[in-house]
Amino acid sequence: MINHIDVSMVLRGTVCDLYSNLVTRSTGAAVRGEIEAQLAELRGRSVNVIDFSHVTLLDFSCADEIVAKLLLRFGVGAGEDATRTAETPCAVADDWNGTPAPAGPREAYFVFRGVSDVHRDAIETVLERHRLALVAEGEDGVPELVGAVEEPEQRVWQALVRVPRADAEEVARLAGLGAEEAEEVLDRLCRRRLVIRVASDVGDADRFLAVGAR
Amino acid sequence: MTTVIAVPQSVDDATFEQILAQLAPLPPDARVLLDARHARWASPYGLTTLLTLAQTRETRPALAVPDNEDTARYWARTAFFEHADGLFELHGQVPRARAAGESQVLLEITPVAKSADVHDVVDRIQQRAASILQGQLKLDVKATMGFAMTLSEACQNVVEHAGRGGWVGVQAYNWQKRLGRHVVQIAVSDAGIGFRQSLEGAQGRRRTDRWDDGMALEDAVLRNVSRFRDPGRGQGLAGIRKYVGRWEGKLSIRSGTARLAQVPAWDDDVPLTEKLAPFPGAQMQITIPERVAPR
């Protein structure tokens, strides 16, 4: 199912009906909390459109709360070169403060819509910090991968945008990769919640969908 | 007995050290009178830090207001006296603040203590500053939004770390002689715990025998160390540095006995100054110059 969340409406409903700017960490945490509460109603697999179209300003603190932490708390994996230390937990749902994982869909995918140039700086910065990536739709509606993305991942994702529901063999051919490498990259993109694996019922090869592709 | 502290004719981040040097030998409960009668100019840094200074005194200090009418009216226009009235014993004629037709005061001196204050500051800047930032400084829309983000993050440092409220002010100038172009300055000042105490228990800080204000500033500003374990912390200051660097601006942060600066090509300041007269909290100044076309 596809679920649409207008962040500006959440801001006005949760924090203050006069606010149009997403600034301060406490505001970001409050908005994220409300988004998580809405997602808690969902079950199974869902694609969630987080819509920034009516947000005027987004600062780094809010981007960290609403984008990075949202992705991490719903189990989105970080990139391969993410530094993992005792102080930098893996992408698990419980956060470093011990706050329990949010309830909600078993498999949540995210598309960030209405991401303007003004929002991108803050979003790209927090994604790089956490070695995360996401699917963003700019004002032109075209989806793209933003954040910590390796070149083979970009190629595979773009191949799936051009040819939805391709299997691994077809993806390898379209992306110009070897079969084994394509499988690895597809696995990684699925863990990172940038690609959806559609398992076959009849023993055929699994097929794949790029999150955000129309 | 009251000690008279001479306030320089021009009150800015450099000359404020003269005030602090006079205060340094005095105990915090000493009675002081800040003599600003001969002051003719003050930057947002000067005005916000004067208010912060009053907050650091255990005995309410006195302030002799500038005797030059234009100077006093300008200080009133910035809302300085509105806040000074609650912190100082004011001596001299305090003019009424009149709304000026066209003003270079982008944001009057405003208290910052909680998240709602930051929202208010950002909203007001967005409403008022666009014409000056885009017109005089020739910043595009994205740069203007980045300016608001920078202001937001600078104020949030007070809310998240200082442990008490602080002050913010924003002003535009024409630095014709100094730089040959317009600039806008943000000043944020607080009398809170300061960077060293804030980072005392931080996990990312350098563990050496020497631990002082200079090292704390370097850890926070250059290495993004935060007192919070959350790996997403420390991005505000990093974002400020990136914005300031991109637009060839200047950033300076003073805390305790040290001052760290990100210095652009057009300035001759030094990156780190230590052994300054001690002063609580943190005082930040950001200067963004007018964009000029490359030659």
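Okay, one term before we start: when I say a residue is buried, I mean that under 20% of its relative accessible area is left. Keep that in mind, and remember that this is a predicted model.

Let's begin in chain B, with helix 8, which covers residues 213-222. Eight of its 10 residues are buried, so the helix is largely enclosed by the rest of the structure. Which ones are buried in helix 8 of chain B? They are B:Asp213, B:Gly214, B:Met215, B:Ala216, B:Leu217, B:Asp219, B:Ala220 and B:Val221. And what do they pack against? Within chain B, we have helix 7 (194-199) and helix 9 (235-246), plus strand 10 (250-256), strand 11 (258-262) and strand 12 (272-273).

Now over to chain A. You'll find seven helices and 10 strands there, and of its 214 residues, 54% are buried. If you take the contacts in chain A between residues at least 6 apart in sequence, 66% of them join residues at least 24 apart.

The helix I'd like you to look at here is helix 6 of chain A, residues 168-175. Its buried residues are A:Ala168, A:Val171, A:Ala172 and A:Ala175. Look down the helix axis and those buried residues fall within an arc of 100°, so they line one face of helix 6 of chain A. On the other side, A:Glu169 and A:Arg173 are exposed. As for the buried ones, their packing partners in chain A are helix 5 (151-162), strand 8 (166-167), helix 7 (179-191) and strand 10 (207-210).

In chain A, helix 5 and helix 6 pack at an angle of about 110°, and their axes are 9 Å apart. That makes helix 5 of chain A roughly perpendicular to helix 6 of chain A. Who meets whom? From helix 5 of chain A come A:Arg155, A:Val156, A:Ala159, A:Leu160 and A:Arg162, and they meet A:Val171, A:Leu174 and A:Ala175 of helix 6. By class, that contact has six nonpolar residues, two charged ones and no polar ones.

Last stop: where the chains come together. How many residues of each chain are in contact? It's 27 from chain B with 26 from chain A. Between them they bury about 2500 Å², and carbon and sulfur atoms give 52% of that. On the chain B side, B:His119, B:Met149 and B:Gln235 supply 27% of the area that chain B buries against chain A, more than any other three residues.

Terms used:
Residues are numbered from 1 along each chain as its sequence is written. Chains are lettered from A and ligands numbered from 1 in the order in which they are written. This is a predicted model: local features need pLDDT of at least 70, side-chain atom pairs count only at pLDDT 80 or more; totals for chains, interfaces and linings use all residues. Side-chain values use heavy atoms; hydrogens and water are left out. Buried means under 20% relative accessible area, exposed over 50%, partly exposed in between (1.4 Å probe, protein chains only). Helices (H or I, at least four residues) and strands (E, at least two) are DSSP runs, numbered from the N terminus. The arc is that of the directions from the helix axis to the C-beta atoms. Contact means heavy atoms within 4.5 Å. Axes are lines fitted to C-alpha atoms, for helices over the stretch in contact, and angles run from 0 to 180 degrees between N-to-C directions. Angles under 35 degrees count as roughly parallel, over 145 as roughly antiparallel, 65 to 115 as roughly perpendicular and the rest as oblique. Ala, Val, Leu, Ile, Met, Phe, Trp, Tyr, Cys and Pro count as nonpolar, Asp, Glu, Lys and Arg as charged, and the others, Gly among them, as polar. Buried area is the accessible area (1.4 Å probe) that two parts lose on being put together, summed over both.
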